[in-house]
Amino acid sequence: SSDLVVREEGGERVMQSMTWGFPVRLKTMAPTAKPKAVNKIADLEKRMWKRYAGNPRGRCLIPLTGFAEAEGPKGSMTRTWFKVKGQPIFAWAGLWSEDRQHGWGSVYSGVMTDCNEAIRPIHNRMPVLLMPEDYDRWLHGSFEDAVSFQQRCSPDDLIEITRTDELWVKRKP
């Protein structure tokens, strides 16, 4: 899917349409298999991600109004939404790149962290959430700054939870 992502170019923030997921070819894949899209980044210190996270040019802001996780028993999981209180739009820390090898164009992925106590009953991970005062440090800071965002925990009272009856996986008619 294609989404709008904010990145910097020449000292200006620009909004650009990008493809969600970095294309990755696993050693176990057949040579003819198409790459797998990696949508979530678990560890910025892994070699694959360090080259993007280590250079502020490879970082971006993913604007969100909310994010969802699956909740409930397998086969009948429902969509549970999370929003940031008082922030109608907030940002998820992301990395982006130009994919010339597979022809995917501009691609991005979101950085994940351990969940806070508000989300723990539903999921053990959550996006690295950035508040407006964090944007400059994420986009311009050192590699250590980027890693520190992944290591910090979002305050529990920041999260607003809305449970729905909407099925996580749509059943085929």
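## Strand pairing and nonpolar cores

Within strand E12, Leu-129 is the bridge partner of Trp-92. The model described here is predicted. E12 (residues 129–130) pairs with E9 in the antiparallel sense over two bridges.

| Strand pair | Sense | Bridges |
|---|---|---|
| E6 (residues 59–64) and E9 | antiparallel | six bridges |
| E9 and E10 | antiparallel | six bridges |
| E9 and E12 (residues 129–130) | antiparallel | two bridges |
| E7 and E8 (residues 78–84) | antiparallel | five bridges |

Individual residues mark these pairings. Pro-63 has Ala-91 in E9 as its bridge partner, and Trp-96 stands opposite Tyr-108 in E10. E9 and E10 also form a hairpin, with five residues between them; in the turn, Gly-103 has a positive phi of about 75 degrees. Nine of the 10 residues of E9 are buried, so this strand is largely enclosed by the rest of the structure.

The largest nonpolar core has 24 residues, and Trp-49, Leu-95 and Trp-138 are among those with the most contacts inside it. Elements giving two or more residues to this core include strand E9 (90–99), strand E10 (105–114) and helix H3 (143–151). H3 gives the most, with four residues. A second, separate core of 22 residues includes Ile-62, Met-112, Cys-115 and Ile-159.

An open, antiparallel sheet is formed by three strands in the order E7-E8-E13. Strands E7 (67–71) and E13 (159–167) stand at the edges with a single partner strand each, so one side of each is left without a neighbour in the sheet. The twist averages 30 degrees from one strand to the next. Glu-71 stands opposite Thr-78 in E8.

Notes. Residues numbered from 1 in each chain as written. Predicted model: local features only at pLDDT ≥ 70, side-chain atom pairs only at ≥ 80, totals over all residues. Heavy atoms only, no water. Core = buried A, V, L, I, M, F, W, Y, C linked by side-chain atoms within 4.5 Å. Buried < 20%, exposed > 50% of the residue type's maximum accessible area, 1.4 Å probe, protein only. Pairing = 2+ DSSP bridges. Axes fitted to C-alpha atoms, helices over the stretch in contact; angles between N-to-C directions.
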